[in-house]
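Please look over the chain shown below before reading on.

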Amino acid sequence: MKIKIILLISLALLGCKDNQTPNIAVENSYLIHAGIDLAPHSIPIKEQSIKGGNPVTLTTNTDGLIESMTLDFYKFVIDYKNGKYTYESENKNLNLDIKFDQEKNILSYQDAKKNNKLLVGYDSNGRVIKIEDSTYDFDFISQVDYENDLVSKRVVEIFQKYDETDSFIVVLREYKYFYNDKKQLSKRIQYDYKIELGKIVLDENNQRIAEMKEECSYGDYNQHGDWTKEYCLGPNKVTTHFYLRTLEYF
């Protein structure tokens, strides 16, 4: 399912100048376009490929900001110099204008009619805290939380469109991130919550009901502190996927 594939990718550890100081621009780039689990730990990654059930290739510019991502069913390219975002899939092609703030953070993507296809919100520290994305066939709303300067949680809501003005929720997914004493991503827990007839289902205590829980472990860190293996278990400890990550640096 395309939603599941996008969400697997969708979503970044931290881009860092060193193991203590986050490079906020790099972190923001991964949060918007890829995922916190794919961002560099210490130095910029030139290119990375993920091999497993859903292969991915990701490239960046010399500043470490994402330039392109290629999956089996879509590809996007970001042209920072000319402020353009292009997206190609089997049934959709987009050419959008990028609006930046004074710090060169991405504020929005707009189509030729000035309709926003992407909106990004930042906190007082310049970090991404909200992403509203209608680039694909669904509307995505992501909320990002931080703890000790690390991304601790991301909540993603996906809406199916009725028409241009109405939609209903089809996915509510929560990611929680855990780190080792070197601030390397070590574990991610994902919860999918129960949705019925476009509404979130609550239990007798008014709490959301988790339909699925997946736990992913990261390891085999290389000399730059980046993980190279990801192993995920679903309900009843059944393996859901295993990924190998190959990285090239500048």
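**Strands, links and surface**

Strands β4 and β5 (residues 84-89) pair in the antiparallel sense over six bridges. Strands here are DSSP runs of E with at least two residues, helices are runs of H or I with at least four residues, and both are numbered from the N terminus. Two strands count as paired if DSSP finds at least two bridges between them. This is a predicted model, in which local features need pLDDT of at least 70 and side-chain atom pairs count only at pLDDT 80 or more, while totals for chains, interfaces and linings use all residues. Residues are numbered from 1 along each chain as its sequence is written, and side-chain values use heavy atoms, with hydrogens and water left out.

Thr 70 stands opposite Lys 75 in β4, and a hairpin of three residues joins β3 to β4. Strand β4 (residues 74-79) has two faces: Tyr 74, Phe 76 and Ile 78 form the covered one, and Lys 75, Val 77 and Asp 79 the uncovered one.

The protein chain as a whole has two helices and 18 strands. Its C-alpha trace spans about 50 × 50 × 40 Å along the principal axes. Buried residues (under 20% relative accessible area; exposed is over 50%, partly exposed in between, with a 1.4 Å probe and protein chains only) make up 49% of the 250 residues.

Which salt bridge does Lys 84 form? A salt bridge is a side-chain nitrogen of Lys or Arg within 4 Å of a carboxyl oxygen of Asp or Glu. Lys 84 pairs with Asp 97, and their closest N and O atoms are 2.4 Å apart. This pair links distant parts of the chain, with Lys 84 in strand β5 and Asp 97 in strand β6 (residues 93-100), 13 residues apart. Lys 84 is partly exposed at 33% relative accessible area, and Asp 97 is partly exposed at 26%.

Another salt bridge joins Asp 192 and Arg 173, with 2.5 Å between the closest N and O atoms. Asp 192 lies in strand β13 (residues 185-193) and Arg 173 in strand β12 (residues 167-179), so the pair ties together parts that are 19 residues apart in sequence. Both Asp 192 and Arg 173 are buried. The structure holds 14 salt bridges, and a network of them links Asp 37, Arg 188, Glu 214 and Glu 230.

There is one disulfide, a disulfide being a pair of cysteine sulfur atoms within 2.5 Å. Cys 216 and Cys 232 form this link, with their sulfur atoms 2.0 Å apart. Cys 216 is in strand β16 (residues 210-219) and Cys 232 in strand β17 (residues 229-233), 16 residues apart. The link is right-handed, with 115° about the S-S bond. Cys 216 is buried at 0% relative accessibility, and Cys 232 is buried at 0% as well.

Strand β17 also holds Tyr 231, which is partly exposed at 37% relative accessibility.
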